[in-house]
Amino acid sequence: MAEPEQQQQNDASSAVNVENGENDAVSSENSGQEVKATEPEYQKSGWLMKRTKLTHKWERQWFCLKKTQLYYGCTEHNTTKCISLDGTEISEAHIDKKPYVFRLKPKDTSRVYYIHAENENDQQEWMQAICFAKATGDHGDHSQACIIQ
């Protein structure tokens with residue numbers, strides 16, 4: 001019985017792992033051992049607090065940055081909401097007496113997203129990653145400069 005289970009595990013290890021946001025590739029070296037190389041699908045992901053639109057309560061959300069899209073949701077496997085970063089303004093914010101808050105204001109909408117990080121380092125890392133994603137996105141000849149205000 002152990003052999004079919006082992007074969008299924010080997011087959012599964014070479015598949016694309018969408019739930020974890022990773023693409024798995026298996027290669028063989030001269031020694032005959034399999035080496036697994038993992039390439040992350042997301043540029044950055046992690047837990048942040050987001051201020052809700054209607055009640056203005058702070059809710060813990062999982063965020064995933066992929067190209068010029070910032071996905072979020074209530075779990076790592078349920079990131080169904082999306083903020084387009086193309087033309088989005090990003091700045092530090094002072095709201096609800098919370099430290100480490102930044103603000104995202106997408107173009108062509110009046111919606112403003114307030115996001116709260118756990119510490120200053122996380123705040124800066126997220127703001128830089130979003131800024132970099134905006135600047136290096138697929139914009140053809142219209143590359144964007146990113147200024148964190």
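Predicted model: local features only at pLDDT ≥ 70, side-chain atom pairs only at ≥ 80, totals over all residues.

Before anything else, let me define a polar contact, which is a pair of N or O atoms within 3.5 Å, where, inside a protein, one atom must be able to donate a hydrogen and the other to accept it. With that in hand, please look at H116, where a polar atom of the side chain lies 2.8 Å from the backbone oxygen of P99.

H116 is found in strand 9, and it counts as buried because its relative accessible area is 13%, with the limit for buried set at under 20%. If we leave out residues up to four places away in sequence, H116 touches L48, M49, W58, K98, P99, Y100 and V101. Of these, take Y100, which is 16 residues away from H116 in sequence, while the two C-alpha atoms are 5.7 Å apart in space.

Now let us step back to the whole chain. How many helices and strands are there in the chain? There are two helices and nine strands, and, read along the sequence, they follow the pattern α-β-β-β-β-β-β-β-β-β-α. The chain has 149 residues, and buried residues make up 32% of them. If we take the contacts with a separation of 6 or more, residues 24 or more positions apart account for 33% of them.

The next stop is helix 2, which runs over residues 120-135 and has 16 residues. From its first C-alpha to its last, helix 2 reaches 22 Å, close to the 22 Å expected at 1.5 Å a residue. At the start of helix 2, a side-chain oxygen of N119 comes to within 3.1 Å of the backbone nitrogen of N121.

Which residues in helix 2 are buried? They are Q123, W126, M127, A129, I130, C131, A133 and K134.

The side chains of K44 and E125 are joined by a polar contact of 3.3 Å. Leaving aside neighbours within four places in sequence, K44 is in contact with F63, C64, L65, E125, W126 and A129.

From there, let us move to Q61, which lies in strand 4. Is Q61 buried or exposed? Q61 counts as buried, because its relative accessibility is 9%. Not counting residues up to four places away in sequence, Q61 touches G46, W47, L48, K50, Y72, G73 and C74.

Q61 also takes us to the second largest pocket, where it is one of the lining residues, together with others including K50, E59, Y72, G73, C74 and R111. About 150 Å³ of space lies in this pocket, and strand 4 and strand 5 each supply at least two residues of its lining. By type, the lining residues divide into two nonpolar, five polar and five charged.

I would like to finish with two loops and a pair of residues with a positive phi. K67 lies in the loop between strand 4 and strand 5, and its phi is near 55°, a positive value in a residue other than glycine. K67 counts as exposed, because its relative accessibility is 55%, and the limit for exposed is over 50%.

D108 is found in the loop between strand 8 and strand 9, and here phi is near 60°, again a positive value in a residue other than glycine. D108 counts as exposed as well, because its relative accessibility is 77%.

That is where I will stop, and I am glad to take questions.

Technical notes. Residues numbered from 1 in each chain as written. Heavy atoms only, no water. Helix = DSSP H or I, 4+ residues; strand = E, 2+ residues; numbered from the N terminus. Expected span 1.5 Å × (residues − 1). Buried < 20%, exposed > 50% of the residue type's maximum accessible area, 1.4 Å probe, protein only. 1 Å grid on protein atoms, 1.4 Å probe; cavity = no way out; pocket = protein on both sides within 12 Å on 5 of 7 lines; lining within 4 Å. Points joined across faces, edges and corners; volume = space filled by probe spheres on them. Nonpolar A, V, L, I, M, F, W, Y, C, P; charged D, E, K, R; others polar. Contact = heavy atoms within 4.5 Å.
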